[in-house]
Structures are given as structure tokens and as C-alpha cells.
Amino acid sequence: GGGKGGGKGGSPAGLSLSYWCFSPGVAMEELKALGVRSVLLASGTLAPLASFAAELSLPFEQRLENPHVIDAQRQVWCGVLGRGVTGKVLNSSFQNRDTAEYKRELGHTILKIARLVKGGLLVFFPSYPSMESALDYWRSQASMMASLEAAK
């Protein structure tokens with residue numbers, strides 16, 4: 001039996017102990033040892049690049065890092081709303097997020113904000129299933145989805 005886990009012969013009662021390395025520098029050192037001479041990284045979310053480069057444990061001779069395209073002081077608002085536009089509690093707990101009342105209040109609140117805010121609007125959900133559930137509900141309410149799409 002193998003001693004690497006899997007519960008057969010090497011581990012009592014199907015238990016195993018695994019060691020994982022989450023340092024990207026280890027993988028980059030392996031690439032360097034294989035003779036890789038160039039690495040191109042492109043992302044809109046790696047800033048600040050200096051700390052990211054340090055995590056990779058390799059020097060970068062050439063770097064291009066541009067400033068953000070938005071003015072965070074004037075174009076970003078981040079907050080948490082405890083109540084929606086009709087005064088109902090906006091509670092996205094697991095027990096509450098699939099109720100029609102919550103999705104209806106969330107939709108009306110997003111619609112109100114979308115009508116007030118120029119340009120784009122970014123809404124964060126606790127998970128993809130939560131977002132899909134809300135979208136499915138709003139699609140089932142034809143006027144709700146039409147209003148949201150018209151606002152943005």
C-alpha cells in the first residue's frame with residue numbers, strides 16, 4: 001500500500017496528512033531552473049506590482065505599471081446598506097437571501113441607486129449562486145429586469 005494517503009495501507013481509518021506550498025516563489029524558482037527566460041504578467045488587479053514581484057521571488061528587469069483609470073475620491077463609493085428603499089432589512093444571510101421579499105427589496109434598491117448614479121454600477125454578491133438566484137428572480141418579474149436594464 002502507498003504511504004501517500006488515500007486511506008489504503010498507509011493511513012489509518014482513511015486519514016491522510018498533506019503538505020501544500022502556497023508560495024508562488026517556489027513555482028517560479030522551478031521555472032527558472034527549467035531555463036525559462038521570460039515571464040509576462042498582465043492584470044488589472046496586481047497593483048502594487050512591487051509586493052507581487054516580491055511574492056514571486058524573482059527580479060523583474062522590465063516593469064510597466066499604470067495608474068488607475070478612475071479617481072477613487074470622486075468615482076467610488078463603497079458602503080453597506082442595512083435597509084432598502086422601502087425600509088425592509090437587506091440581510092443576505094444564507095437563511096434570508098433566497099426569499100422573494102429580500103430579492104424584491106434588493107432589486108428595487110439597486111434600481112433606485114442605478115437611476116441616481118452616472119455611468120456604471122458594480123454590485124457585489126456573497127456568491128455566484130446568490131447572484132444567479134437574484135437575477136433569476138428579477139427575470140421572472142419582467143418589469144423589474146426591464147427597469148434594471150433600462151437604468152444601466
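Biologist: At the start of H5, to which backbone nitrogen does a side-chain oxygen of Ser-127 reach?

Modeller: This is a predicted model. Ser-127 brings a side-chain oxygen to the start of H5. The oxygen comes within 3.1 Å of a backbone nitrogen, and the residue that carries this nitrogen is Ser-130.

Biologist: How far does H5 reach from its first C-alpha to its last?

Modeller: Helix H5 covers residues 128-140, which gives 13 residues. At 1.5 Å a residue, a span of 18 Å is expected. The reach in the model is close to that, at 18 Å.

Biologist: Is Ser-133 buried or exposed?

Modeller: Ser-133 has its place in helix H5. Its relative accessible area is 15%. The cut-off for buried is under 20%. Ser-133 is therefore buried.

Biologist: With which residues is Ser-133 in contact, leaving aside its neighbours within four places in sequence?

Modeller: Ser-133 is listed among the buried residues of H5, together with Ser-130, Ala-134, Leu-135, Tyr-137 and Trp-138. Once neighbours within four places in sequence are left aside, the contacts of Ser-133 are Asp-98 and Lys-103.

Biologist: Against which helices do the buried residues of H5 pack?

Modeller: An α-helix has 3.6 residues a turn, so residues three or four places apart point the same way. The buried set in H5 includes Ser-130, Ala-134 and Trp-138. The buried residues of H5 pack against helix H4 (100-116) and helix H6 (142-151).

Biologist: How many residues of the contact of H5 with H6 are nonpolar?

Modeller: From H5 come Leu-135, Trp-138, Arg-139 and Ser-140, and they meet Ala-142, Met-144, Met-145 and Leu-148 in H6. One residue of this contact is polar and one is charged. The nonpolar residues number six.

Biologist: How far apart are the end C-alpha atoms of H4?

Modeller: H4 has 17 residues. At 1.5 Å a residue they should span 24 Å. The model agrees with this, because the end C-alpha atoms are apart by 24 Å.

Biologist: Against what do the buried residues of H4 pack?

Modeller: Buried residues of H4 include Tyr-102, Lys-103, Leu-106, Gly-107 and Ile-110. Thr-109, Leu-111 and Ala-114 are also buried in H4. The buried residues of this helix pack against H5 and H6.

Biologist: How are H4 and H5 oriented, roughly perpendicular or roughly antiparallel?

Modeller: The axes of H4 and H5 are 10 Å apart, and the helices pack at an angle of about 80°. Roughly perpendicular covers 65 to 115 degrees. H4 and H5 are therefore, to each other, roughly perpendicular.

Biologist: How many residues in the contact of H4 with H5 are charged?

Modeller: Ala-100, Lys-103, Arg-104, Leu-106, Gly-107 and Ile-110 in H4 meet Ser-133, Ala-134, Tyr-137 and Trp-138 in H5. By class, six residues of this contact are nonpolar and two are polar. The charged residues number two.

Biologist: Which residues does Pro-126 touch, not counting residues up to four places away in sequence?

Modeller: Pro-126 lies in the loop between H4 and H5. With a relative accessible area of 48%, Pro-126 is partly exposed. Pro-126 and Phe-94 are 32 residues apart in sequence, but their C-alpha atoms are 9.4 Å apart in space. Not counting residues up to four places away in sequence, Pro-126 touches Ser-92 and Arg-97.

Biologist: With which residues is Ile-113 in contact, leaving aside its neighbours within four places in sequence?

Modeller: Ile-113 lies in helix H4. Its relative accessibility is 29%, so Ile-113 counts as partly exposed. Leaving aside neighbours within four places in sequence, Ile-113 is in contact with Leu-81 and Leu-121.

Biologist: What distance separates the C-alpha atoms of Arg-37 and Ala-150?

Modeller: Arg-37 lies in the loop between helix H1 (24-33) and helix H2 (49-56). At 83% relative accessibility, Arg-37 counts as exposed. Arg-37 and Ala-150 are 113 residues apart along the chain, and their C-alpha atoms are separated by 50 Å.

Methods: Residues are numbered from 1 along each chain as its sequence is written. This is a predicted model: local features need pLDDT of at least 70, side-chain atom pairs count only at pLDDT 80 or more; totals for chains, interfaces and linings use all residues. Side-chain values use heavy atoms; hydrogens and water are left out. Helices (H or I, at least four residues) and strands (E, at least two) are DSSP runs, numbered from the N terminus. Buried means under 20% relative accessible area, exposed over 50%, partly exposed in between (1.4 Å probe, protein chains only). Contact means heavy atoms within 4.5 Å. The expected span of a helix is 1.5 Å times one less than its number of residues. A polar contact is a pair of N or O atoms within 3.5 Å; within protein, one must be able to donate a hydrogen and the other to accept it, and residues adjacent in sequence count only if both atoms are side-chain atoms. Ala, Val, Leu, Ile, Met, Phe, Trp, Tyr, Cys and Pro count as nonpolar, Asp, Glu, Lys and Arg as charged, and the others, Gly among them, as polar. Axes are lines fitted to C-alpha atoms, for helices over the stretch in contact, and angles run from 0 to 180 degrees between N-to-C directions. Angles under 35 degrees count as roughly parallel, over 145 as roughly antiparallel, 65 to 115 as roughly perpendicular and the rest as oblique.
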